[in-house]
Amino acid sequence: MNIMRASFYTAASTAARLLAGLVVIKLVASFAGPEGVGKFGQFMSLMSLLAVLAGGGISAGIVKYVAEYRDDKVRLTRLLGAALWYALGASLLMGVVTLVFSQPLAQWLLGDSRYASLIRTLAVAQFGIALANYVLAVINGFMDVRRLALVQVAGSILNVAMVAWLSHWLHLYGALLALVLGQALWLAVGLPAWWRSPYFRRGMLRLRFDGDMIRRLARFSVMTLTAALLSPLVNIAVRDYLASEFGWEQVGYWQAVSKVSDAYLLFITTAINVYYLPKLASIDDRASLVMELRNAYRFLLPLVVVLALAVFIARGWVTLLLFNEGFASANVLYGPQLVGDVIKIASFVLSYLMLAKAMTRLFVASECVFAASYLGLVYAFTAYFGLVGAMYAFTANYTLYFLFNVWVARRFLGGLGQWSPQYP
């Protein structure tokens, strides 16, 4: 299966997930305006963080090693038993921590302790989210793109229905609650689909402590958790800084443009994650890796350029459709953000080499450096350019990240067979 066919199968699932997200953001904009959208971003950052932490951050590791071991039943059973043990243990730990700190988290992120019950619900939902992540990662590792798309479409439809129902009764609180419950709801769709697959074995659901496999997964846990921790925390810091400098209404404009960016890029990032991670993990020779990377650029870069141009041309209509007329001031922020989106995708194609080849230390170091540089650039550019400086900072940081990944890819491909991926 090539990237074009994988993109075709994932397009429907991505559209369903996108619709679910847009329904929620539209409801938030209607109920709470720009200020509410800004605070909604804070809750989403926490939810994204906990969704990854729920399974110990090993989804990428499961995808990689399932792709490698799928023809070796003994190692595959060992891997999946250890992965399930790791994921459930991590969810128990994170659930307890979140329950204990639900009150201060609500006050810190949302400025309202009444949302503590929502965070407690998210803490309890960690087990369902962890199992759902596990099931989807196994399906992805087998490169069963059609089954994965079916699960994601069905899960998203159920999520949208829940959002519509709960928001009708509980308004903003209900919309946020539906997001939390919807994450765990995917399990109700994913498990039956996996059971009916030709590669399902009962042993895959048996807990197993396996030191060797857990060490392998732990490398991915370190990489994933680094990215999962840094990205939401940096975004929270950026929102707090922008709010202190420009007010929460201005943060709402910044958040609105960022959400539009995330929405249309979801089609591309999903295709990269579903196709490229298992594909690159299963390839060992230089020629095949180079060919996959070239094919990615030939297909994905023209696509993201066209999509970015379309969003820029229709930015006024997009803002009105997804939000309301109160967000018109956000239209001036689209230009630099969309340029940064193109550079971001160019960077992601190369950065997946670090994940696929388990370059743990290099990946962790780069995440820390570029998280810090983004924050620093936001401070510097907004001081000179105002709110739009945050978009300039986004573009400048991804330009630096792209150059870094070009260096990593050249180093890895140039020394393939001589440089151990565990010790970059």
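Me: At what angle do helix α13 and helix α14 pack, and how far apart are their axes?
Reply: Helix α13 (residues 360-385) and helix α14 (residues 389-414) pack at about 150 degrees, with axes 8 Å apart. Axes are lines fitted to C-alpha atoms over the stretch in contact, and angles run from 0 to 180 degrees between N-to-C directions. Helices are DSSP runs (H or I, at least four residues), numbered from the N terminus. This is a predicted model, in which local features need pLDDT of at least 70, side-chain atom pairs count only at pLDDT 80 or more, and totals for chains, interfaces and linings use all residues. Residues are numbered from 1 along each chain as its sequence is written, and side-chain values use heavy atoms, leaving out hydrogens and water.

Me: Is α13 roughly parallel or antiparallel to α14?
Reply: α13 is roughly antiparallel to α14 (angles over 145 degrees count as such).

Me: Changing topic, how many salt bridges are there?
Reply: The count comes to four, where a salt bridge is a side-chain nitrogen of Lys or Arg within 4 Å of a carboxyl oxygen of Asp or Glu.

Me: Which residues are linked in a network of salt bridges?
Reply: R78, D210, D212 and R216 form that network. R78 meets D210 at 2.7 Å, N to O, and D212 meets R78 at 3.6 Å.

Me: Is D210 buried or exposed?
Reply: D210 is buried, at 11% relative accessibility, whereas R78 is partly exposed at 25%. Buried means under 20% relative accessible area, exposed over 50%, and partly exposed in between (1.4 Å probe, protein chains only).

How values were computed. Helix = DSSP H or I, 4+ residues; strand = E, 2+ residues; numbered from the N terminus. Parallel < 35°, antiparallel > 145°, perpendicular 65-115°, else oblique.
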